[in-house]
Amino acid sequence: MAETILSSPIISEAVLPFVLVFTVVFAILQKSKILGDGKKQIDALVALVVGLITITFANAVGIINSLLPFLAVAVVIILIFLILV
């Protein structure tokens, strides 16, 4: 069976958890405006640091990888609910 780039361990152990943490932290910082209004660069820098710190801990990456299937199903259910409403 052919191995694709998405099935490589680097993607599942580093890239996907980093992108998830970065996106969630950046969205929270943008929505709450804790660091100031219109400070996207600072919010992105803080989210980058938090994402990089998170992927350095194996336990955190393991927890994120075990929760990703449930998170994907929850996002689909929420999206369908929002479309119906």
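Lys33 counts as partly exposed because its relative accessibility is 47%. The model is predicted, and every value below was computed from it. Lys33 sits in the loop that joins H1 to H2. Its phi is near 55 degrees, a positive value in a residue that is not glycine. Most residues other than glycine have a negative phi.

The side chain of Lys33 forms a salt bridge with that of Asp37, with an N to O distance of 3.8 Å. The structure holds one salt bridge. Asp37 has a relative accessibility of 62%, over the 50% cut-off, and therefore counts as exposed. The bridge between Lys33 and Asp37 thus pairs a partly exposed residue with an exposed one.

## Packing of H1 against H2

Helix H1 covers residues 9-32, and helix H2 covers residues 40-56. The two axes come within 8 Å of each other and cross at roughly 145 degrees. The crossing of H1 past H2 is right-handed. By class, the contact between H1 and H2 comprises 15 nonpolar, three polar and two charged residues.

On the H1 side, the residues that take part are Ala14, Pro17, Phe18, Val21, Phe22, Val25, Phe26, Leu29 and Gln30. H2 contributes Lys40, Asp43, Ala44, Val46, Ala47, Leu48, Val50, Gly51, Leu52, Thr54 and Ile55.

## Asp43

Asp43 belongs to helix H2 and is among the H2 residues that meet H1. Asp43 is buried, yet has no salt bridge. The nearest side chain of opposite charge is that of Lys40, 8.7 Å away. A salt bridge requires a nitrogen-oxygen distance within 4 Å.

With neighbours within four places in sequence left aside, Asp43 is in contact with Phe26, Leu29, Gln30 and Leu35.

## Thr54

Thr54 is also placed in helix H2. Its relative accessibility is 16%, under the 20% cut-off, so Thr54 counts as buried.

Leaving out neighbours within four places in sequence, the contacts of Thr54 are Val21, Ala60, Val61 and Ile64.

Technical notes
Residues numbered from 1 in each chain as written. Predicted model: local features only at pLDDT ≥ 70, side-chain atom pairs only at ≥ 80, totals over all residues. Heavy atoms only, no water. Helix = DSSP H or I, 4+ residues; strand = E, 2+ residues; numbered from the N terminus. Buried < 20%, exposed > 50% of the residue type's maximum accessible area, 1.4 Å probe, protein only. Lys, Arg positive; Asp, Glu negative; His and termini not counted. Contact = heavy atoms within 4.5 Å. Axes fitted to C-alpha atoms, helices over the stretch in contact; angles between N-to-C directions. Left-handed = near helix turned anticlockwise from the far one by under 90°. Nonpolar A, V, L, I, M, F, W, Y, C, P; charged D, E, K, R; others polar.
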